[in-house]
Amino acid sequence: RRDVLVLTPWLAPIVWEGTFNRDILNAQYMQKNLVTGVVTFAVKKYWFFIQGFMSSANKYFLAGHQVNFYLFTDSPEQISHLQMAPENHLCVIPVQNHSHWQDISVSRMDIIRRYIRSQFQYEVDYLYYIDIDVQLFEHIGVEIIDTLVATISPWQYTARRDSRSYETRTESQAAIPKGEGDFYYTEGFYGGSVAEVYKLTRACFKGVMEDRENGIEARWHDESHLNRYLLYHKPTRLLSPEYYWDEEL
Ligand code: UD2
């Protein structure tokens with residue numbers, strides 16, 4: 001495609017529809033015998049999104065390949081009727097109901113990190129986090145697989161660098177120096193190899209905790225910390241805003 005940027009300045013591909021051949025990529029992925037995990041959370045009233053997310057992801061996320069879905073929820077009773085494709089597995093993990101919505105955002109990174117250590121590293125090769133209040137309407141295939149993968153936020157794709165929502169206060173561990181920042185990434189969809197996601201979640205959670213000790217909260221919570229991390233640990237593959245589109249746009 002010539003209408004969009006398909007390569008970052010550090011030569012990582014930016015995946016847009018029409019920039020890859022999924023048949024070739026599927027054949028390569030099959031040969032490697034890989035398992036990919038998806039982590040998502042449904043706490044408090046977000047149980048409402050379980051059905052829509054799970055049924056669409058079961059159908060469209062890496063269709064035909066083994067995917068382990070790890071659903072953290074305080075409403076396990078809501079999933080009894082879910083039917084999974086034979087190659088997919090659903091693992092429901094009970095989680096506490098946090099009283100402040102920001103706390104879910106903060107503790108998510110720590111929960112993912114802890115479960116990578118205790119469980120996911122033994123079960124999957126790649127791991128992706130996806131918000132649950134989304135639905136897949138098209139296939140998301142193995143073109144998303146790489147070592148460290150981030151999605152360009154659709155809301156900020158066209159924003160100039162100085163008007164993006166980065167945290168700029170230097171007191172915050174999420175601070176991005178003025179004039180820096182490659183893209184603005186959404187925290188709603190990121191992933192990569194289990195080892196890289198472990199490092200990312202550990203670093204972001206550490207940043208959030210240090211901020212807390214210093215009495216500061218980054219502008220967009222874990223998303224700010226994610227953007228900071230990815231400035232200094234460049235993603236090896238970017239997903240275009242097509243992968244996290246908002247119908248309102
Ligand atoms: C999210 C973050 C916010 C900031 C912002 C940046 C959360 C809760 N908020 O806001 O901190 O980084 O992105 O754009 O992460 N969830 C629950 N129960 C809840 C609330 C959230 O399970 O009561 C889970 C659920 O999986 C959901 C995800 O957290 O998909 C994100 O929640 P959201 O989409 O309401 O948060 P958003 O995008 O407004």
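The ligand is surrounded by 18 residues, the closest being F41, V43, Y46, W220 and H221; a residue counts as near if one of its heavy atoms lies within 4 Å. The model is predicted, so local features need pLDDT of at least 70 and side-chain atom pairs pLDDT 80 or more, whereas totals for chains, interfaces and linings use all residues. Residues are numbered from 1 along each chain as its sequence is written, and side-chain values use heavy atoms, leaving out hydrogens and water.

**Ligand contacts**
- In the side chain of D222, an N or O atom is 3.2 Å from an oxygen atom of the ligand.
- Of the 680 Å² of accessible area that the ligand has on its own, the protein covers 83% (Shrake-Rupley method, 1.4 Å probe).

**Shell around the ligand**
- Two or more residues each come from β2 (36-42), α3 (101-123) and α5 (222-232), where helices are DSSP runs of H or I with at least four residues and strands are runs of E with at least two.
- The largest share, 4 residues, comes from α3.

**Nonpolar cores**
- The largest nonpolar core has 38 residues, and V39, F72, I112, F120, L127 and L200 have the most contacts inside it.
- Such a core joins buried (under 20% relative accessible area, 1.4 Å probe, protein chains only) Ala, Val, Leu, Ile, Met, Phe, Trp, Tyr and Cys residues through side-chain atoms within 4.5 Å.
- A second, separate core of 31 residues includes Y29, L62, Y128 and F189.

Conventions. Polar contact = N/O pair within 3.5 Å; in protein donor to acceptor, adjacent residues only side chain to side chain. Buried < 20%, exposed > 50% of the residue type's maximum accessible area, 1.4 Å probe, protein only.
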